[in-house]
Amino acid sequence: MSFEPKILGIACNWCTYTGADLAGTTRLQYPQNTRVVRVMCSSRINPSFIFRAFQLGADGVLVGGCHPGDCHYNTGNLYARRRLAVVKKILEFSGMEPGRFRVEWISASEGNKFAEVVREFTQQIRELGPQTKFKITN
Amino acid sequence: MLKKISVDKISDLAARLMDKGTLVAPVREDAGHNFRKITDAGQVDLGYYNTLMSPKSVFLPQKEDFVTYIAGRPLEEAKCIELNPEPTFLFGVRPCDVRSFEIMDIHFIGTGAVDPYWSRRREATTIFGYAFDLNRPAEPTDFYTALGIGAADPEGSDVFMILKGDELLLKAFTAKGEKILSQMDILSESGADDASYFDQTVADGRSFKTRFINIDAQAVAKKFEELFHNAQFWEKVSDGCLSCGVCTFVCPTCYCFDICDENLFGGGTRRRVWDACMFTDFTLEASGHNPRTKVYQRLRQKICHKYSYHIRKYGPISCVGCGRCTRSCPVNIDIFSIVDEALRA
Amino acid sequence: MATSFKQIEQNLKNEARALLESGRVALVLAYTRGYDDRHPLPYTAKCASDADNIIFNEYCNANLARYLVRHPRGTKIAIAVKPADSRAVVVLIQEEKVHRDDLIILGIPVLGMKNHKTDEIIDSRTTGGLYNPVLCDILLGEEITGEPIVSPYDVLAPYEAMDKEERWAFWKKELERCIRCYACRKACPMCYCDPCFIDLDKPRWGEKAPGPGGNLMYHLTRFHHLAGRCIDCGECYRACPVDIPLHLFHKKVAKECEEMFGLAAGMSIDEKPALVDFRMDDSDAILE
């Protein structure tokens, strides 16, 4: 049985989550490995979510937010951009495979982009294999 | 019974002990020596002054699991983790640390409520005490002689070891000690002058000097009682204290713990972990009130517990002068200086 | 040519005495003798005669900025700072934990501080590599010039050169040693949160006991919480009883923040810490 990645998706309500809805209503096909959690804004994302997700066994984490300049709350994603960039650097320096964490700006009308990103990311994680470095094994 | 072994054969002795049970001995690590369960007899390293962490973790591990459970399942299905320790040999414990076990016994066995985890481990363990090297001056942080502990004090050890040149003398002081020494055929019989050398070293250990002030338990307990409300004294001595908790973790006589349920993946474990009265939230109550919000209140608690309350309730001072707290303190707070200042206040 | 430690000590005592006598400050944060000369204690002088107890020598490494938040806001405080410590004061001012006007900063230019455990000279390998404070009211010695400027990030080169498997093996081994004593947290002037995230129960971010779970959560999150705020004093490393080189990871995060956001922490009170700020034209490339 081939490896089925477990991917945590965190999507902002106004843009990415709506975009994901659009992908659904337009019947676009994409792999089912990504479990999406909705947040009101990408800046709600606490960096600890991502570290803990990997500890709890996520093979990949995908964050989606509004395009910079288009945040529903004006500036949220601008803070998130900096914050998540630091998360990426920390993961990299700790030795985690860089490809396991990805941030994309996906707007409400970009249903296609959502599906494409999920397809690409799932394939990338499939190739990277199961995440074992941070995962807690009791 | 007095035996001996050449120092370069220590790993052979270690291997023999490992055949009989679990061997816990000092191992050289990055930051210093520490007591570890030995998997490779060659790891045992007696070339140290004292270990970084105290050996209390042999009897009171920093993390100890009691019960495992699955979320949502009936209580009856929870599993208690049984503790049946195999015979353990705790090798190379300095006299001050051996004394700490007796003090800790008061809390885990002596109050009427016996802690089975502590007591079973104590029963299963044979302690090989190890004299300080009297040719080497004591570290400036140590003050165990002020607490009545000799540098070559065999009290509390099942077997006590003293270095004699390139040989290690081992003498049994209890039935447990006699038993294991008689089983160690790698040991040689002691020579004619070994017995007198042993006794002489124990005696010399009593006059060996560390930092010293006259600490009479009753006097110091009373002094700290008088000083309790003297905020000026406590603020002064706790001036630089970070209230971090390192001192508690390295201390052989600190035993506070927290019991918590930690869940993961739909199941969980009820476990005991070390806690520290120095932590800011140690006395945080469910209401949100915290009676010890200031650093000086927490440091006062720590010192008064050791040098006042413990004496009133149980008799001995809850400190063995090993110096670890002072060595590890990031800002060089020194408990000996505080006791000294209190006695002169 | 740097002012001698003895001279700096004298200047520090004199300034402290004068400030306390005149009532310009309620307290002076400095150092005093500990149980021996190599182990100084942080010290709060509250009256002019206390100034006699002040010392300064090559072992006075404690970052006194960590004590600023202990005093009620509005307390007038004079604080002795070495270069990295002065940056800590700047960050605390930026974060509005202290007012600039409530402080008299006694700057100490340093050359030759020593680690009391190893007697090694403390340089840009374990600290920020600056010789002079970035902000001060009174300089207690001659400004140091002509010394080589060594990047505080040079020490990262061997770790950056490792491939990710080696680096993971390195950090896994180092963080395994952690006994969760929290000396690093308390030694850091920027860790003033009450409660700290790791002490929370709802939610429980990391296991209380030492182990791969809680240790990694605690440290990685702390590295993130200090991003753009860590001023590279190296006290976390010196406070650690088991010698975990935490300062290396903090340096790496500081280096990345400098490169991505164009500023180093704690250099000017008019700036904001990097993660409390943004630019519209921050490049998306930082997320690659």
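Q: Which residue forms a salt bridge with Asp243(C)?
A: In this predicted model, the test for a salt bridge is a side-chain nitrogen of Lys or Arg within 4 Å of a carboxyl oxygen of Asp or Glu. For Asp243(C) the closest N and O atoms of the pair are 3.3 Å apart, and the partner is Lys117(C).

Q: How many salt bridges does the rule find across the interface of domain 1 of chain C and domain 2 of chain C?
A: Chain C is divided into domain 1, residues 5–139, and domain 2, residues 154–287. Across the interface between these two domains there are 14 residue pairs in polar contact, with both residues at pLDDT 80 or more, while the number of salt bridges found by the rule is 3.

Q: What area is buried between domain 1 of chain C and domain 2 of chain C?
A: The C-alpha centres of the two domains of chain C lie 24 Å apart, and 29 residues of domain 1 are in contact with 29 residues of domain 2. Carbon and sulfur atoms give 57% of the buried area, which comes to about 2,300 Å².

Q: Which residues in domain 1 of chain C lose the most area to domain 2 of chain C?
A: Together, these residues account for 26% of what the domain 1 side buries. They are Arg66(C), Arg87(C) and Gln94(C).

Q: Are the rings of Phe249(B) and Trp274(B) stacked or edge-to-face?
A: The structure holds 35 aromatic pairs over all chains, among them Phe249(B) with Trp274(B), whose ring centres are 5.6 Å apart. Planes over 60 degrees apart count as edge-to-face, and these planes stand at 70°, so the pair is edge-to-face.

How values were computed. Residues are numbered from 1 along each chain as its sequence is written. Chains are lettered from A and ligands numbered from 1 in the order in which they are written. Side-chain values use heavy atoms; hydrogens and water are left out. Domain bounds come from an automatic or database domain assignment. Contact means heavy atoms within 4.5 Å. Buried area is the accessible area (1.4 Å probe) that two parts lose on being put together, summed over both. A polar contact is a pair of N or O atoms within 3.5 Å; within protein, one must be able to donate a hydrogen and the other to accept it, and residues adjacent in sequence count only if both atoms are side-chain atoms. Rings of Phe, Tyr and Trp (its six-membered ring) pair if their centres lie within 6.5 Å; planes under 30 degrees apart count as stacked, over 60 as edge-to-face and the rest as tilted.
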